[in-house]
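Reader: I have a model open on my screen and would like to understand the terms used for it. Could you take me through them?

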Amino acid sequence: MNFYDIAFYVFAAVTIVSAIGVVFSRSIVYAAFALLFTFFGVAAIYVLLAADFIAVTQILLYVGGILVLIVFGVMLTSRAYSVEIKRGVLQVVPAVIIVGVIAGTLIGIFTTTPWPISNMAPYQETARPIGALLMTQFVLPFELASVLLLVALIGAVIIARREKGGKAQQ
Amino acid sequence: MTLHVGLCHFLIVSAILFALGIYGVITRKNAIMVLMGIELILNSANINFIAFTRFGLMDLTGQVVAIFVIILAAAEAAILLAIVLNIFQQLNTVNVDEVDKLKN
């Protein structure tokens, strides 16, 4: 057990425990805060996998963007302490069975498959090669993603604001 | 499977995250909790891509795919929250089992 292993086990524990908090928490506000720790734990796992650019992107986009969106959604749509949210759970027993089967199958496949493992390359920064790949081999998905983000932005504004304006026009 | 961390450990973490995300999507009534489950699933897929980039024969392609997954997750969260806000204004609920009207 060297330092790398200890760091992996600590961050994996943080990620999984806070993910359990997200899924089983009775309050939606606590679930949102547990999701924060899950995202940070996943970012730390990316760092352990020598993916520095993705780790920073994860923190900026997930923690800075998506989580803020989720918290806004929580604040705008719920009375945070109402009873109805605290017991909003259905079909627990079938879900546990399905999830157990899925997890068992996945872990069995992951542990028994002989993966072709390359000898690990020494650590090097990834931002520059990723940028080069995005501009050469992946330039079409890159442009599609930019168009998609524009469409999503306009669509979100139109959908969220349609109610009053739409009724006035009719 | 040894105590020394290898590819398998990262894959198992991602499998557990995936299972927890599926559980959240199946059991939660609140649409925003369902969205949180979806985010857990996307994160687990990303861990797989990056683990195979590090250990497997996939060069940096895996990290580029992970970037696209993060972009799609951001767009999806924005659209879903816009829809949820609209549903909340119209029907005064965000529970997915009560939203069963296509038109008023």
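This is a predicted model: local features need pLDDT of at least 70, side-chain atom pairs count only at pLDDT 80 or more; totals for chains, interfaces and linings use all residues.

Reader: What makes helix 3 of chain A roughly antiparallel to helix 2 of chain B?

Author: Angles over 145 degrees count as roughly antiparallel. The angle here is about 170°, so helix 3 of chain A is roughly antiparallel to helix 2 of chain B.

Reader: Which residues make the contact?

Author: From helix 3 of chain A come Ile54(A), Ile66(A), Ile70(A), Gly73(A), Val74(A) and Thr77(A), while helix 2 of chain B gives Ile32(B), Leu35(B), Met36(B), Glu39(B) and Ile50(B). By class, these are 8 nonpolar, 2 polar and 1 charged.

Reader: How many residues of chain B are in contact with chain A?

Author: There are 66 of them, facing 71 residues of chain A. Helix 1 (7-27), helix 2 (31-55) and helix 3 (61-91) of chain B each give two or more residues to that side. Helix 3 of chain B has the largest share, with 21 residues. The side of chain B that touches chain A has 48 nonpolar, 13 polar and 5 charged residues.

Reader: Now to Gly21(A) in helix 1 (residues 3-24) of chain A. Why does Gly21(A) count as partly exposed?

Author: A residue is buried with 20 or more C-beta neighbours within 10 Å, exposed with 12 or fewer, and partly exposed in between. Gly21(A) has 17, so it counts as partly exposed.

Terms used: Residues are numbered from 1 along each chain as its sequence is written. Chains are lettered from A and ligands numbered from 1 in the order in which they are written. Two residues are in contact if their C-beta atoms, placed from the backbone, lie within 7 Å. Helices (H or I, at least four residues) and strands (E, at least two) are DSSP runs, numbered from the N terminus. Ala, Val, Leu, Ile, Met, Phe, Trp, Tyr, Cys and Pro count as nonpolar, Asp, Glu, Lys and Arg as charged, and the others, Gly among them, as polar. Axes are lines fitted to C-alpha atoms, for helices over the stretch in contact, and angles run from 0 to 180 degrees between N-to-C directions. Angles under 35 degrees count as roughly parallel, over 145 as roughly antiparallel, 65 to 115 as roughly perpendicular and the rest as oblique.
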